[in-house]
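This report goes through one structure in short sections. Please keep the sequence and the 3D view at hand while reading.

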Amino acid sequence: DVIFKNFAGILKANKKEGCTLSDADIDAPCDRYSNLCMLWDGAFSCASTINPSPDDVNMYKRFVKAAVHCHVAEGVSVTHKVHLMWKHVAVQMEQIPGGSGDKREDWVKQQHQLGAGRLPILK
């Protein structure tokens with residue numbers, strides 16, 4: 001929420017001369033995207049639960065349903081990841097021993113990020 005409020009502030013403070021957008025016109029999409037990102041964060045957090053209970057799966061379903069509906073309402077492309085989250089993750093949470101959160105590879109992503117700063121730039 002803080003990021004999008006700061007982003008809106010930057011956009012409002014740096015309006016070009018003749019800009020027809022009001023501050024409310026800028027705040028509205030920033031607020032919607034803030035909500036969308038918070039819903040996706042909740043869905044991913046729930047999907048990461050190790051040994052999820054039925055209540056955890058139900059909470060995931062609530063988050064992902066709201067996230068997908070907001071995602072589509074904003075006109076954002078429905079990617080493979082959105083489809084997988086919407087149609088497959090709850091089943092995986094229920095049927096995979098330990099839940100899908102037990103199989104995540106966040107450590108791989110972290111290693112890529114840590115190593116990215118140390119790689120030489122090829123020309």
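The sections below cover the basis of the model, its nonpolar core, an aromatic pair, two further residues and the cysteines.

## Basis of the model

This is a predicted model, in which local features need pLDDT of at least 70 and side-chain atom pairs count only at pLDDT 80 or more, while totals for chains, interfaces and linings use all residues. Residues are numbered from 1 along each chain as its sequence is written, and side-chain values use heavy atoms, with hydrogens and water left out.

## The nonpolar core

A nonpolar core is a set of buried Ala, Val, Leu, Ile, Met, Phe, Trp, Tyr and Cys residues joined through side-chain atoms within 4.5 Å. Buried means under 20% relative accessible area, exposed over 50%, and partly exposed in between (1.4 Å probe, protein chains only). The largest such core here has 16 residues, and those with the most contacts inside it are Trp40, Ala43, Tyr60, Val64, Met85 and Val89. Two or more residues each come from H2, H3, helix H4 (80–87) and helix H5 (89–95). H2 gives the largest share, six residues. Helices are DSSP runs (H or I, at least four residues), numbered from the N terminus.

Contact means heavy atoms within 4.5 Å. Apart from neighbours within four places in sequence, Val89 is in contact with Ala47, Tyr60, Leu84 and Ser100.

## The aromatic pair

How are two aromatic rings described? The distance of the centres and the angle of the planes are used. Rings of Phe, Tyr and Trp (its six-membered ring) pair if their centres lie within 6.5 Å; planes under 30 degrees apart count as stacked, over 60 as edge-to-face and the rest as tilted.

The structure holds one aromatic pair. The ring centres of Trp40 and Phe44 are 6.2 Å apart and the planes are at 50°, so this pair is tilted. Both residues lie in helix H2 (residues 23–47), four residues apart, about one turn of the helix. Trp40 is buried because its relative accessibility is 12%, whereas Phe44, at 29%, is partly exposed.

His71 lies in helix H3 (residues 54–73) and is buried, at 7% relative accessibility. Not counting residues up to four places away in sequence, His71 touches Leu36, Trp40, Val76, Ser77, Val78 and Val82.

Phe63 is also in helix H3, but is partly exposed, at 26%. Its contacts beyond four places in sequence are Leu39, Gly42, Ala43 and Cys46.

## Cysteines

A disulfide is a pair of cysteine sulfur atoms within 2.5 Å; the structure holds zero disulfides. Cys19 is partly exposed at 35%, and Cys70 is partly exposed at 32%.
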